[in-house]
Structures are given as C-alpha cells and as structure tokens.
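Work through the following exercises with the sequence and the model at hand. Each task is followed by a solution in steps.

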2 protein chains.
Amino acid sequence: MSVSLDMFGDRWSLLIVRDMMVRANKTFKEFLSSGEGIATNVLADRLRRLEDSGILMTEPDLEDGRRVHYRLTEKGIDLAPVLLEMLLWGAKHEDTGAPCAVMVEMAKNREWVLAETRRRWAERDPTPILPKFGAGK
Amino acid sequence: MSVSLDMFGDRWSLLIVRDMMVRANKTFKEFLSSGEGIATNVLADRLRRLEDSGILMTEPDLEDGRRVHYRLTEKGIDLAPVLLEMLLWGAKHEDTGAPCAVMVEMAKNREWVLAETRRRWAERDPTPILPKFGAGK
DNA sequence: AAATTCACTTGTTTTTTGCAAGTAAATTTT
DNA sequence: AAAATTTACTTGCAAAAAACAAGTGAATTT
C-alpha cells in the first residue's frame, strides 16, 4: 500500500483518476475546468507521472490535432473499488452535498456500479456514472 | 470524495491510519519506528489533524504517564474498506513484497477481513491483521 | 539524583505548490 | 492566406509545506 501512496499521496492524482472514471474526462482542458482548481503545471506533471506508472495512456485525437486523449489503462480502471469506497466513506461521514439517496443506492449496489464503470470504460461509453444513477432500479 | 482528499491527499495520513488498523500502532514512537521515515514534526501535525477531523482520538496510558494512546474512532475504522481495496490494488499491480497467497485469501474474503478488523478494533485486540513482512513496500 | 524515555516543539534548509505569464503547433475565422 | 483563437503545455518566481537537526519538559527507570 505504501506503493499506492507514493503514487496517490497527493491532492491531485486520485482526483484526476476520479474525473476520468466518473466524469469521463479526456482532455487537458476538461481536467482544468472540472472545478477543483488545479494549476496547469501540476496537472501536466501529474498526468505525466500517472502515465509513467501505467495508470493512464495518451492517444491523439484524430479529429483535432491539438487535442490529446487521456485514457485509463486496466491498472487505472482497477482503482474503481478504491474510489468507490472513498466516495461512500465521504458520503457517510462528511457533508458532500451529493444526494443521499443516490449514495445509499450505490452502497447497496457496489458490484453493479463497478461492473457498469468497467463496461463504460471498455466500450468508451462517456456517460458519467454519478448523475444518472438509480434509473435501472 | 474531494472532502476525503482534503484529508488524505498527502503522503502520511492514510499511512498512519493503516498502521493503526493493520499493525495496531498506538503510540507516537510506534509510528516513528514503523519504517516509513516520517519526521516527528509532520507526525505530530498529522495526528493532530486526524484528531481534529474525528478520525482518531487520544487517551492517556494509565500505566505510563509519558505515553499517549492514539485510537481510531468509528469514523476512522470505517476507512477499512478503502484501505483494504488499496492494499489489494497494490498487491495486484505493484510489487509489494507481501506474500501473494495471503493477498489472494484476502481478496476472496473481503467481508471476513473487514469484520475481523472491526472486531479487533472494538475489542481492542492488538493482533495485527497482516504479519510483518520484511522490508516491505 | 542522574540518566533515559517519550511526546512532542523549534529553528533551518530543501522541496513542492500555486500563480501569472508565455510558447508552439493546430485549427478556425475573416 | 493572414490573423485570431484554441489547446496543451512550459517557465519563472513567490509562498507554503516537508525534511532535517536539535532541543524541551514531564514521567519513568536506574
């Protein structure tokens, strides 16, 4: 676990992974404008380190040569259980502002949430997990 | 989750919680000598912040007035699922040095591990969940 | 009563972060 | 086709945090 903490023992790395996972962020600009206020130099540095450690990879955008697509690797998407447990912990113990009913549903359906997260990643389905939850039940 | 990351977005806080949970660390000195090399000023600061945010509490050692016992709160022990998933992720994707068979067992028995962790916390049973393995990592 | 242990605190140096501005290549607009 | 704009960064600098080294005081051991 110390290994994980060498990688994630900072304020931004896990937030980046979370934004890729639940908000389907792909570009540098999307990360910048997803509201947490990360500095451009730090974002560039974290993306580089996450890539170096095999958690994400880059691919060019074929429609716009300025853009770079960041995408989670298998190792990256495997962080979903960690992120989910963190999300649930935060919802239980802190005031997250997230709708409580949604979180209760997620807590009851961990396996479904994880399977769905992985499916969307595999199929490059950009629908975000969070807003759209509970529809199937 | 951003809330959680304000708290845990640093190299040491989660490591402290982990050491309390799986190694049953209680005193300042135990944290110092549990091998990660945290500085005394940083350790003092993190313990204070973890206490301020209700993740741990302190109680005096009745047998030795110099010592302070740090103990996880309910909110703190509720981090067990997060830590467990991190541990499992690290074991799968990084070279942790932890005996592989042990991790496979843990992955298969998440619920048991969590129940046992909580039981030991509740009963103040200091038996560590994980045996100490060497230089670790 | 002297030495030692324990849980810290207090400087000081080094590293990391945050902020503002800038750059180069690709695309869009005129 | 020239100019303006967008995108993904880099660079330089001040401020905050961390690592390092040393010290303090109360409690305990010798």
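**Exercise 1.** Locate D125(B) in chain B and state whether D125(B) is buried or exposed.

Solution. D125(B) sits in the segment that follows α8 (110-122) of chain B; helices are DSSP runs of H or I with at least four residues, and strands are runs of E with at least two, numbered from the N terminus. The model is predicted: local features need pLDDT of at least 70, side-chain atom pairs count only at pLDDT 80 or more, and totals for chains, interfaces and linings use all residues. Residues are numbered from 1 along each chain as its sequence is written, while chains are lettered from A and ligands numbered from 1 in the order in which they are written.

Next, count neighbours. A residue is buried if 20 or more other C-beta atoms, placed from the backbone, lie within 10 Å of its own, exposed if 12 or fewer, and partly exposed in between. D125(B) has 11 other C-beta atoms within 10 Å and is therefore exposed.

Last, look across the chain. A24(B) is 101 residues away from D125(B) in sequence, yet their C-alpha atoms are 8.4 Å apart.

**Exercise 2.** Describe the backbone and surroundings of A24(B) and R124(B).

Solution. Start with the general rule: most residues other than glycine have a negative phi. A24(B) has a phi near 55 degrees, a positive value in a residue other than glycine. The phi of R124(B) is likewise positive, near 55 degrees.

Then place them. A24(B) belongs to the loop between α2 and α3 of chain B, and R124(B) to the segment after α8 of chain B. A24(B) counts as partly exposed because 16 C-beta neighbours lie inside 10 Å. R124(B) has 10 such neighbours and so counts as exposed.

**Exercise 3.** Find how chain B is related to chain A and what the contact between them is made of.

Solution. First superpose the copies, by least squares on the C-alpha atoms of residues with pLDDT of at least 70 in both.

Second, take the contact, in which two residues touch if their C-beta atoms, placed from the backbone, lie within 7 Å. Chain B supplies 28 residues and chain A supplies 26 residues. On the side of chain B, α1 (2-8), α2 (13-22) and α6 (80-93) each give two or more residues, and α6(B) has the largest share, nine. By class, this side has 11 nonpolar, seven polar and 10 charged residues. Here Ala, Val, Leu, Ile, Met, Phe, Trp, Tyr, Cys and Pro count as nonpolar, Asp, Glu, Lys and Arg as charged, and the others, Gly among them, as polar.

Third, compare the two sides. The copies meet through the same surface, because 93% of the interface residues of chain B are also interface residues in chain A.

**Exercise 4.** Identify the largest nonpolar core and the residues with the most contacts inside it.

Solution. A nonpolar core is a set of buried Ala, Val, Leu, Ile, Met, Phe, Trp, Tyr and Cys residues joined through C-beta atoms within 7 Å. The largest one has 58 residues, and V17(A), L83(A), V17(B) and L83(B) have the most contacts inside it. Domain 1 (2-73) and domain 2 (77-122) of chain A, bounds that come from an automatic or database domain assignment, both give residues to this core, so it lies between them. L83(B) touches V17(B), R18(B) and M21(B), leaving aside residues up to four places away in sequence.

**Exercise 5.** Which residues are the closest to DNA strand D, and how do those around it divide by class?

Solution. A residue is near a strand if its C-beta atom, placed from the backbone, lies within 6 Å of it. DNA strand D is surrounded by 20 residues, the closest being T27(A), F28(A), K29(A), A44(A) and G65(B). Two or more residues come from each of α3 (28-32) and α4 (40-52) of chain A and α4 (40-52) of chain B. This surface divides into six nonpolar, seven polar and seven charged residues.
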